[in-house]
Amino acid sequence: MNDLARPLSADVRPVPRLLHESATDRLRDMIVAGDLAPGARLNERVLCGELGISRTPLREALKMLASEGLVELLPNRGAIVTALTLAKVREVFAVMAALEALAGDLACRNITPAQLNELRALHYQMLAHHARGELAPYFKCNQEIHAKIAEASGNATLAATYRHLNAHVRRARFMANLSQERWDRAVEEHEAMLDALAQRDGARLQQQLREHLGNKMIAVLAALEASGPAGRGENDAAYD
């Protein structure tokens, strides 16, 4: 068989992920989970050793995380993990609540059966992680569910805006489930949200998403208050 006649699939090879992309994902997970604390200085030599990469892909990863608001690049002084501030949490969660409510309403109108089945599968996977007390994988499923609802809206601009804003509060959303009581309540809220979506009840899903985000914000603000100034940053004095 000549090259032109050979099936395309015969020459398809998995494309390896770029080193800086893998490093970005790993560092993001470490920051979100609190393994790299707010205000912590990021030692390039240590991180290169832990991640098994050179400084070039590490610095590219840090630039990506800086664009997400997770890392602050200091001129001639390296990088630090950005502190969450009460003001920032309030600002972004207010916008996210409105955005997710709109996404929910549009998703009830536009979601396809395949998308709904995918969300159901993610939901049941999330429930299994909750039952086993597996917070990190639970959180990944949780985040994917919210992103899929935004995608199911059928509005590409909304979905892209959601992804951008969510990157800035991903760590805060993780903190909201550190309490077992709040975690259990979040699961109940997701059950109700999935039911509203399946019933294509846009008004109900809008309200549930607003309340869901509002409850998360309350939990995050309480966690930040409890952590003290080290976890909040300098700009929160007016909110103490």
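This report describes the fold, helix packing and selected residues of a predicted model.

## Basis of the model

Local features require pLDDT of at least 70 and side-chain atom pairs count only at pLDDT 80 or more, whereas totals for chains, interfaces and linings use all residues. Residues are numbered from 1 along each chain as its sequence is written, and side-chain values use heavy atoms, with hydrogens and water left out.

## Overall architecture

The chain holds nine helices and three strands; these are DSSP runs numbered from the N terminus, with helices (H or I) of at least four residues and strands (E) of at least two. Read from the N terminus, the order of elements is α-β-α-α-β-β-α-α-α-α-α-α.

Of the 240 residues, 43% count as buried; buried means under 20% relative accessible area, exposed over 50%, and partly exposed in between, with a 1.4 Å probe and protein chains only. Among contacts (heavy atoms within 4.5 Å) with a separation of 6 or more, 73% join residues 24 or more positions apart.

Helix H3 has 13 residues, and the distance from its first C-alpha to its last is 18 Å, close to the 18 Å expected at 1.5 Å a residue. The expected span is 1.5 Å times one less than the number of residues. Pro 57, Leu 58, Ala 61, Leu 62 and Leu 65 of H3 are buried. These residues lie on the same side of H3, because they cover an arc of only 145° around the axis; the arc is that of the directions from the helix axis to the C-beta atoms. Thr 56 and Lys 63, on the other side of H3, are exposed. The buried residues of H3 pack against H1, strand E1 (41–42), helix H2 (44–51), strand E2 (71–74) and strand E3 (78–81). Gly 69 follows H3 and has a positive phi, near 85°.

Helix H1 (residues 19–32) and helix H3 (residues 55–67) pack at an angle of about 55°, and their axes are 8 Å apart. Axes are lines fitted to C-alpha atoms, for helices over the stretch in contact, and angles run from 0 to 180 degrees between N-to-C directions. H1 and H3 are therefore oblique to each other; angles under 35 degrees count as roughly parallel, over 145 as roughly antiparallel, 65 to 115 as roughly perpendicular and the rest as oblique. Their crossing is right-handed; a crossing is left-handed if the near helix is turned anticlockwise from the far one by less than a right angle, and right-handed if clockwise. Residues making the contact include Leu 19, Ala 23 and Leu 27 of H1 and Leu 58, Ala 61 and Leu 65 of H3.

## Helix H5 and its buried side

The 19 residues of helix H5 (residues 113–131) should span 27 Å at 1.5 Å a residue, and the end C-alpha atoms are 27 Å apart, in agreement. Leu 116, Leu 119, Leu 122, His 123, Met 126, His 129 and His 130 of H5 are buried. Their arc around the axis is only 135°, which puts them on the same side of H5. Pro 113, Ala 114, Tyr 124 and Ala 131 are exposed on the face turned away from that buried side.

The buried residues of H5 pack against helix H6 (135–152) and helix H8 (180–198). His 123 has a relative accessible area of 2% and, not counting residues up to four places away in sequence, touches Ile 145, His 190, Glu 191 and Leu 194. Just after H5, Gly 133 takes a positive phi of about 70°.

## Contact between H4 and H6

Helix H4 (residues 86–110) packs with H6 at an angle of about 60°, their axes being 7 Å apart. The contact is made by Glu 100, Ala 103, Gly 104, Leu 106, Ala 107 and Asn 110 of H4 and by His 146, Ile 149, Ala 150 and Ala 152 of H6.

Leu 135 is in helix H6 and is buried, with a relative accessible area of 19%. Its C-alpha atom is separated by 8.2 Å from that of Leu 178, 43 residues apart along the chain.

Arg 173 is found in helix H7 (residues 156–175) and counts as buried at 0% relative accessibility. Among the residues that Arg 173 touches, not counting those up to four places away in sequence, are Phe 93, Glu 100, His 146 and Lys 216. Arg 173 and Phe 93 are 80 residues apart in sequence and 9.6 Å apart in space, C-alpha to C-alpha.

Arg 200 lies in the loop between H8 and helix H9 (202–227) and counts as partly exposed, at 39% relative accessibility. Its phi is near 55°, a positive value in a residue other than glycine.
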